[in-house]
Amino acid sequence: MIKFPKDFVWGVATSSYQIEGAVDEDGRTPSIWDTFSKTEGKTYQGHTGDVACDHYHRYKEDVEIMKEIGVKAYRFSIAWPRIFPEEGKYNPKGMDFYKRLVDELLKKDIMPAATIYHWDLPQWAYDKGGGWLNRDSVKWYVEYATKLFEELGDAIPLWITHNEPWCASILSYGIGEHAPGHKNYREALIAAHHILLSHGKAVKAFREMNIKRSKIGITLNLTPVYPASEKEEDKLTAQYADGFSNRWFLDPIFKGNYPQEMMELYSKIIGEFDFIKEGDLETISVPIDFLGVNYYTRNIIKYNENSMLKGENVPGPGKRTEMGWEISPESLYDLLKRLDREYTKLPIYITENGAAFKDEVTEDRRVHDDERIEYIKEHLKAAAKFIEEGGNLKGYFVWSLMDNFEWAHGYSKRFGIVYVDYETQKRILKDSAWWYKGVIQRSVIEE
Ligand code: LGS
């Protein structure tokens, strides 16, 4: 048996565009994900978040389900275009939804953890110079975040400025797989910089408002990278891959600079870093209260002369999830140890971890998702080992509470511990939800 600390925060996570639906209700205007998902060829079978899990109307039932599972915390995100449907125009009706949700959570003793930006940038912000490409985006974001702090500040013990800046910039403006679907590395790095800057400025605004009962941090998606062999060329390219996925975000936040060798490498691709202005890195590295980590898989890299970063992924030997990602709980342990060693002793929360598998409702009206139980259990063991060795890990949020709109994959991939029948919107607790309930009740996992 492995025991977790008494005050360990057992949570589940979701995000606004992936579950809410109700895209044109109570004054919400489109986000870049509405536009992107409605553009031909961008998502699996043209799926959109128009209805999703209809959580906007069913949030009470969903909070009730969380209560049934016994979770201590719920990480959700706030849809920016509900709060500011137009530039400078605050929409109290949009805010009311989150007030109702937070009330419901507090009534049931579930701690709200709110992500301010989980990728649903208002379309109006995109229309003014490409969204995060425009330095004014920082100003718009801070105005939005400040409004949230004013209205919900103390009621939310954990504020997360951004979810996965890597995805919101590199995957969205560089690789083009996510909205707005650009494929331009200069733009990717500009977007990344403005997102990081908006984080720093929001933290400063938060401090000035003296919201004493709450903490603020950021969530990064971190992917440990291993060289395919001991060859120098593989090690070098693995170092670049680590710079690309991890250090490009960790270093400015914790060390106040971008990694030097990456700056040199990137400058050959994107030209001048003239979008980094004096004082920016100081702002980005403003002290935070905790780090959120989203962990799913690792990368193994070998040298490839022809690729931009001189490397390519090689498949690892482990089992894979339905997404094709290798299952590697020991890499989560490595990652946490590294963060502790090289970056921070601040509290860490695993703000996302989980897996998609082929889930089916069987005749007994249940979903027997043993593989998901196994996945979560092994990752929790890795987390427990880190804690045992003195690591400052405070909580764990399963991605996800329920099946939802998995971005470019639409509804074809199910990450939930609760099954959603999209035809009827009926929810069914999968075996993993019942198993998680037992873990939470006893704060223990069986080996
Ligand atoms: O639903 C998203 C989950 C699912 O998997 C969530 O909105 C995001 O915050 C997060 O990015 N999510 C996620 N990430 C896993 C990324 C692993 C990429 C591995 C690629 C290997 C080739």
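A polar contact here means a pair of N or O atoms within 3.5 Å. Everything below comes from a predicted model.

**View 1**
Asn163 has a side-chain N or O atom 2.9 Å from an oxygen atom of the ligand. Trp407 also puts a polar side-chain atom 2.9 Å from a ligand oxygen, and for Trp399 the distance from a side-chain N or O atom to an oxygen of the ligand is 3.1 Å. On its own the ligand would expose 530 Å², and the protein buries 77% of that area.

**View 1. The shell around the ligand.**
Zoom out a touch and 14 residues surround the ligand, with Gln18, Glu164, Glu352, Glu406 and Trp407 as the closest. Sorted by class, that shell holds six nonpolar, five polar and three charged residues. As for where the ligand sits, the space it takes is the largest pocket.

**View 2. Binding-site residues from the UniProt record.**
The unreviewed UniProt entry gives "binding site" for Gln18, His118, Asn163, Tyr296, Trp399, Glu406 and Trp407. From this set, Gln18, His118, Asn163, Tyr296, Trp399, Glu406 and Trp407 turn up in the lining of the largest pocket.

Glu164 sits in the loop between E5 and helix H8 (165-174).

**View 3. Two cis peptide bonds.**
Worth a look before you set up any backbone torsions. The bond from Ala179 to Pro180 is cis, with omega near 5°, and Pro180 lies in the loop between H8 and helix H9 (185-208). Another cis peptide bond joins Trp399 and Ser400, this one with omega about 15°. Ser400 falls in the loop between strand E12 (393-399) and strand E13 (418-421). Trp399 is also the residue whose side chain has an N or O atom 3.1 Å from a ligand oxygen.

**View 4. A positive phi at Trp119.**
Trp119 isn't a glycine, but its phi is positive, near 85°. You'll find Trp119 in the loop between strand E4 (111-117) and helix H6 (123-127).

Note on methods
Residues numbered from 1 in each chain as written. Predicted model: local features only at pLDDT ≥ 70, side-chain atom pairs only at ≥ 80, totals over all residues. Heavy atoms only, no water. Near = heavy atom within 4 Å. Polar contact = N/O pair within 3.5 Å; in protein donor to acceptor, adjacent residues only side chain to side chain. Areas by Shrake-Rupley, 256 points an atom, 1.4 Å probe, with all protein chains shown as cover. 1 Å grid on protein atoms, 1.4 Å probe; cavity = no way out; pocket = protein on both sides within 12 Å on 5 of 7 lines; lining within 4 Å. Sits in = over half its atoms within 2 Å of the grid points. Nonpolar A, V, L, I, M, F, W, Y, C, P; charged D, E, K, R; others polar. UniProt positions renumbered as here; feature names shortened; annotations may be inferred. Helix = DSSP H or I, 4+ residues; strand = E, 2+ residues; numbered from the N terminus.
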